[in-house]
Amino acid sequence: MSIDESTAARVAKLARIKVEPDALPGLAQEFNTILGFIEQLGEVDVEGVEPMTSVTPQRLTRRADEVTDGDQQAAILKNAPDAREGFFAVPKVVE
């Protein structure tokens, strides 16, 4: 796959990055370099290699799934700029 200047401009627009027209060829080349590296990674034989979460072998700690301190509605709503009937009140955004 090859990225041309118009595709690079579209990606920049979608990412909301301002790119000057004279910088588009360089950006397209950088995208193509990245895609080439990704294609190289696709050629690596990973058969039998287990996925890992870290470069060091470690086990993720899990916490017990238990109900903790609740019933703090009044304390939480005290920080709200506008609270009504036990809920956060927000401005209407849909007409």
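Author: Let us begin with L41, which is found in helix α2, residues 24–42. Please note that the model is a predicted one. The mean pLDDT of the protein is 89, and 100% of its residues reach 70 or more.

Reader: How do you know that the span of α2 agrees with its number of residues?

Author: The expected span is 1.5 Å times one less than the number of residues. For the 19 residues of α2 this gives 27 Å, and the end C-alpha atoms are 27 Å apart, so the two values agree.

Reader: What makes the buried residues of α2 line one face of the helix?

Author: The buried residues in α2 are L24, L27 and A28. Seen down the axis of α2, they fall within an arc of 100 degrees, and therefore they line one face. An α-helix has 3.6 residues a turn, so residues three or four places apart point the same way. On the face turned away from the buried side, α2 carries the exposed residues E30 and T33.

Reader: Which residues make the nonpolar surface patch?

Author: The patch is made by F37, L41, V44, V46 and V49, and its area is about 490 Å².

Reader: Why is the contact of K18 with E20 called a salt bridge?

Author: The rule asks for a side-chain nitrogen of Lys or Arg within 4 Å of a carboxyl oxygen of Asp or Glu. In the pair K18 and E20, the closest N and O atoms are 3.9 Å apart, so the contact meets the cut-off of 4 Å. The side chains of R84 and D82 also meet in a salt bridge, at 2.8 Å from N to O. By this rule the count comes to two salt bridges.

Reader: Why is R84 called exposed, and why is D82 called partly exposed?

Author: Exposed means over 50% relative accessible area, buried under 20%, and partly exposed in between. R84 has 54% and is therefore exposed; D82, at 30%, counts as partly exposed. In the other pair, K18 is exposed at 75%, whereas E20 is partly exposed at 41%.

Reader: What makes the phi of R16 worth a remark?

Author: Most residues other than glycine have a negative phi. R16 is not a glycine, yet its phi is positive, about 55 degrees. This residue lies in the loop between α1 and α2, and it is exposed, with a relative accessible area of 75%.

Reader: Where is E85 found?

Author: E85 is in the loop between β1 (83–84) and β2 (87–88). Its phi is positive too, near 55 degrees. At 78% relative accessibility, E85 counts as exposed.

Notes:
Residues are numbered from 1 along each chain as its sequence is written. This is a predicted model: local features need pLDDT of at least 70, side-chain atom pairs count only at pLDDT 80 or more; totals for chains, interfaces and linings use all residues. Side-chain values use heavy atoms; hydrogens and water are left out. Patches are made of residues with over 30% relative accessible area and no salt bridge: like charges are joined within 9 Å, nonpolar side chains (Val, Leu, Ile, Met, Phe, Trp, Tyr) within 5 Å. Accessible areas come from the Shrake-Rupley method with a 1.4 Å probe; for residues, only the protein chains shown count as cover. Helices (H or I, at least four residues) and strands (E, at least two) are DSSP runs, numbered from the N terminus. pLDDT is the predictor's confidence in each residue, from 0 to 100. Buried means under 20% relative accessible area, exposed over 50%, partly exposed in between (1.4 Å probe, protein chains only). The arc is that of the directions from the helix axis to the C-beta atoms.
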